[in-house]
Amino acid sequence: FADEQELKEVLNIAPGSVSPLCLIHDKEQKVKVFLDKELYEEEIVNMHPNINTESIEVDKENFHKLLASFEHKIEYI
């Protein structure tokens with residue numbers, strides 16, 4: 001959870017556009033990442049590509065690769 005200014009400064013996004021893809025902007029790893037275990041195991045995941053007027057679809061294997069590429073510690077809940 002963050003206010004509009006923090007979202008812009010840390011993730012370079014506007015409210016309503018948060019998705020795992022935003023982590024690419026968090027070079028200092030300021031964001032704590034919590035992810036639902038069930039979402040992690042879904043075959044297909046849809047998310048905003050850092051803008052909330054569009055969505056992309058990612059398969060399970062590529063979603064896992066994407067998350068690993070950001071090097072953030074993820075807590076699964």
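Analyst: Happy to. This is a predicted model. Among contacts in the protein chain between residues at least 6 apart in sequence, 53% join residues at least 24 apart.

User: Thanks. How many helices and strands does the protein chain have?

Analyst: There are three helices and four strands. Going along the sequence, they follow the pattern α-β-α-β-β-α-β.

User: And how does the radius of gyration compare with the globule rule for 77 residues?

Analyst: The radius of gyration is 12 Å, close to the 11 Å from the globule rule, so the protein chain is as compact as a globular protein of that length. Its C-alpha atoms fill a box of roughly 35 × 30 × 20 Å along the principal axes.

User: Nice. What share of the residues is buried?

Analyst: Buried residues account for 27% of the 77 in the protein chain. As for the surface, the chain exposes about 5600 Å², and carbon and sulfur atoms supply 50% of that.

User: Let's go inside, then. Which residues make up the largest nonpolar core?

Analyst: That core has 12 residues: Leu21, Leu23, Val33, Leu35, Val45, Met47, Val58, Phe63, Leu66, Leu67, Phe70 and Ile74.

User: I'm curious about Val58. What does Val58 touch, leaving out residues up to four places away in sequence?

Analyst: With those left out, Val58 touches Glu43, Ile44, Val45, Met47 and Phe63.

User: Switching to rings: how many aromatic pairs are there?

Analyst: The count comes to one aromatic pair. Tyr40 and Tyr76 form it, with 4.8 Å centre to centre and 65 degrees between the planes, which makes it edge-to-face.

User: Where do the two partners sit?

Analyst: Tyr40 is in helix α2 (residues 37-40) and Tyr76 is in strand β4 (residues 74-76). They are 36 residues apart, so the pair links distant parts of the chain.

User: Why does Tyr40 count as partly exposed, and what about Tyr76?

Analyst: Tyr40 counts as partly exposed because its relative accessibility is 21%. Tyr76 gets that label at 33%.

User: Last one, Glu28. Is Glu28 buried or exposed?

Analyst: Glu28 counts as exposed, because its relative accessibility is 63%. Glu28 lies in the loop between α1 (4-11) and β1 (33-35).

User: How far is Glu28 from His72?

Analyst: Glu28 and His72 are 44 residues apart in sequence, and their C-alpha atoms are 9.6 Å apart in space.

How values were computed:
Residues numbered from 1 in each chain as written. Predicted model: local features only at pLDDT ≥ 70, side-chain atom pairs only at ≥ 80, totals over all residues. Heavy atoms only, no water. Phe/Tyr/Trp six-rings, centres within 6.5 Å; stacked < 30°, edge-to-face > 60°. Helix = DSSP H or I, 4+ residues; strand = E, 2+ residues; numbered from the N terminus. Buried < 20%, exposed > 50% of the residue type's maximum accessible area, 1.4 Å probe, protein only. Core = buried A, V, L, I, M, F, W, Y, C linked by side-chain atoms within 4.5 Å. Contact = heavy atoms within 4.5 Å. Rg over C-alpha atoms; globule rule 2.2 N^0.38 Å. Areas by Shrake-Rupley, 256 points an atom, 1.4 Å probe, with all protein chains shown as cover.
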